[in-house]
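Dear colleague,

I am passing on the structure that you will be reading next, and below it you will find my notes on what was found. Please keep it open beside this email while you go through them.

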Amino acid sequence: MVSTLTPSQVETASPARPRPKRRSHYPLYFYALPALLFVVLFAVPTFASFYFSLTRWTLFSTTFIGLDNFRQFFSEPNLFSGLTHTFIYAVLTSGTKVVLGILLGVLLTSRIVGRGYLRSVIFFPVLVSTIGVGLTFKILLDPFHGVVNTSLAALGVQGPGWLTDPHLALYSIIGVDVWKGVGIATLIFIAGMVAIPQEYYEAARTDGSSGWQMFVHITLPLLRPATTTVILLSLIGGLRSFDLIWAMTKGGPGFTSDVIASVIYKQYQAGFYGLSTAGNVVLFLLVTAIILPLQLLFNRQGLAK
Amino acid sequence: MRRERRRAWVVGVVAILASVVVFLVPFLFILLTASKTVQDSADLGFTLPKQWVLFQNIRTVLRTNDAVVLRAFINSTTLTVVSVAIMVVLAAMAGYVLDRRRSRWNTVANLFVLAGLIVPPAVVPTIWVLQSLGLFKTLPGLILIEATFGLSFCILLFRSFVSSIPRELDEAAIVDGASPLRLFFSVILPLLRPVVITVIVVQAVNVFNSFQNPLYFLPGNAGVTVQLTLYNFQSQTLNQWNLLFTDILLITIPPLVMYLIFNRQIVAGMTAGAVKG
């Protein structure tokens, strides 16, 4: 039905924005080049990945092998643990950034000395190369000579092997990720807090509300758009995360800090292109399964308000 | 009132001290280690250098391995400038039509933008496409990749900015007989200046810092970028920590300069794009 209409008919059919003439002054060929790039370098590889994930794919040939790659991915603990780690990584980084971001936002919108300096210094790591940050912290967290553990030793505490303990490595990297990324979350929360009208707080104060009550009943509810943004942004970033992990541990020790993105790279390096692409499809499905429902939920809540 | 001011001081000073430990010490550590001699840097300590040799270190780093770091800086600069230029022009045109025109193609365009923001690129199939185009392991190939992956974010920024430009301007130009191209390039584009600057700064930092894309799509020594050399540097210099940290320092300088000059635009771009995304 719709497909039989030409674009100009569609335009005359919409009364909201009348056009002066039949030929639009906003030509569709403005879309042509970006569309070409999108289709060739993004859409085609994405669709092709569904086919290639079902093949044994080397430099020279592709053989269709059905779901074998996925069977392998989910049965080998070394590969499957990447999926669990990705999930843990994304949820923990996202959650911590929300909590710390709100706290820092409250701190940096209140009247304190050195506010401008503090905002700048917290935000700057966002702009620094992830590889640079990763290598720096790898040295700072060195179990024997690193600044962190020698400082702890000076206080009489024996620091753990942050990146060498299999139970700890993933969480140390998560900590560094938060260190690097909390600035952007804080900034978004500050933007949200500044937009809340002061009258609400004045009215609440006349009614005798405490600071905590105002935070829970005014600040938090009105920060919902900012919170949504931070959650979605950091989840998307966390699920894809690769650079920091690769710079700090390469997924080690063993496979204890491997995520899907590093599994994809390792299989690609080993020449298992089909398996690597299956990893890509798993990541695609994981991202869609987490982000799309959240986006729909947040949109509905936004409308309900 | 006086109590409030004292509180402002106490909380502020505590926060500043904490920020020094948490945020400044790592950067100071980079600077101090980069200024040390090899032996001096071997114990990884947070101490003042016995001898300040930062400039010698910089010279050594730039000369190592047939000046690979220098070549990497040239490559990364080319990559950043060209890909950001492509992003700005293409995203401005797309964002403009997306806001101004009502067309059923808009649904498709919006879907693409959303997918570009969310979907992680499929690596090996992208290499396969690049290879069949003869663009794999070439700088132009990587430029197009960076431009494509950055387009979504830029289109969102441009679309929301264009919607704040009154349509009366378009209509006046149309009455004067301006062609669509002229309308866009001489009337609209100059008005987009603030958002163009934001897009340039934010994406320049992104592309300059990009590691995964060069790793996959531009491997090999010929077209190496700064992030790759930094990564390879640790194995080549074998525990010469002073040189590794000199390299880290060199790579941190461009974003720092950008931040000092364009502080406001960066902050605006990151929060505005975030709110839309």
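I begin with Leu100(A), which counts as partly exposed because its relative accessibility is 34%, a value that lies between the limits of 20% for buried and 50% for exposed. Please bear in mind throughout that this is a predicted model, and that the values below were computed from it.

Leu100(A) has its place in helix H4 of chain A, which covers residues 77-109. If residues up to four places away in sequence are not counted, Leu100(A) touches Val178(A) and Val182(A). The C-alpha atoms of Leu100(A) and Gly183(A) are separated by 9.6 Å, while the two residues are 83 residues apart along the chain.

Another residue of chain A to look at is Met193(A), which is placed in helix H8, residues 169-194. Is Met193(A) buried or exposed? With a relative accessibility of 9%, Met193(A) counts as buried, because buried means under 20%. Not counting residues up to four places away in sequence, Met193(A) touches Ile102(A), Gly105(A), Val106(A), Thr109(A), Thr219(A) and Leu223(A). From the C-alpha atom of Met193(A) to that of Phe215(A), 22 residues apart along the chain, the separation is 11 Å.

Next comes the interface between the chains. Here 88 residues of chain A are in contact with 95 residues of chain B. In general, the size of an interface is often given as the accessible area lost when the parts come together. Chain A and chain B bury about 8600 Å² between them, and 75% of that area is on carbon and sulfur atoms. On the side of chain A that touches chain B, helix H2 of chain A (residues 32-52) supplies the largest share, with 15 residues. Sorted by class, that side of chain A has 63 nonpolar, 16 polar and 9 charged residues. How many salt bridges are there between chain A and chain B? The count is 0, whereas 17 residue pairs are found in polar contact across the interface of chain A and chain B, with both residues at pLDDT 80 or more.

Over all chains, a search of the whole structure finds 36 aromatic pairs. One of them joins Phe38(A) and Phe112(B), whose ring centres are 5.3 Å apart and whose planes are at 5 degrees, so the pair is stacked. This pair crosses between chains, running from helix H2 of chain A, where Phe38(A) lies, to helix H4 of chain B (residues 105-118), where Phe112(B) lies. Phe38(A) is buried, at a relative accessible area of 4%, whereas Phe112(B) counts as partly exposed at 22% relative accessibility. In the pair of Phe73(A) and Phe74(A), the ring centres are 5.5 Å apart and the planes are at 70 degrees, so the pair is edge-to-face. Of these two residues, Phe73(A) counts as buried at 1% relative accessibility, and Phe74(A) is partly exposed, with a relative accessible area of 43%.

Finally, two lysines have a backbone angle to look at. Lys250(A) has a phi near 55 degrees, a positive value in a residue other than glycine, and Lys250(A) lies in the loop between helix H12 (243-248) and helix H13 (260-269) of chain A. Lys137(B), which is not a glycine either, has a positive phi of about 60 degrees, and Lys137(B) is found in the loop between helix H5 (123-132) and helix H6 (139-162) of chain B.

With best wishes

Conventions: Residues are numbered from 1 along each chain as its sequence is written. Chains are lettered from A and ligands numbered from 1 in the order in which they are written. This is a predicted model: local features need pLDDT of at least 70, side-chain atom pairs count only at pLDDT 80 or more; totals for chains, interfaces and linings use all residues. Side-chain values use heavy atoms; hydrogens and water are left out. Contact means heavy atoms within 4.5 Å. Buried area is the accessible area (1.4 Å probe) that two parts lose on being put together, summed over both. A salt bridge is a side-chain nitrogen of Lys or Arg within 4 Å of a carboxyl oxygen of Asp or Glu. A polar contact is a pair of N or O atoms within 3.5 Å; within protein, one must be able to donate a hydrogen and the other to accept it, and residues adjacent in sequence count only if both atoms are side-chain atoms. Helices (H or I, at least four residues) and strands (E, at least two) are DSSP runs, numbered from the N terminus. Ala, Val, Leu, Ile, Met, Phe, Trp, Tyr, Cys and Pro count as nonpolar, Asp, Glu, Lys and Arg as charged, and the others, Gly among them, as polar. Rings of Phe, Tyr and Trp (its six-membered ring) pair if their centres lie within 6.5 Å; planes under 30 degrees apart count as stacked, over 60 as edge-to-face and the rest as tilted. Buried means under 20% relative accessible area, exposed over 50%, partly exposed in between (1.4 Å probe, protein chains only).
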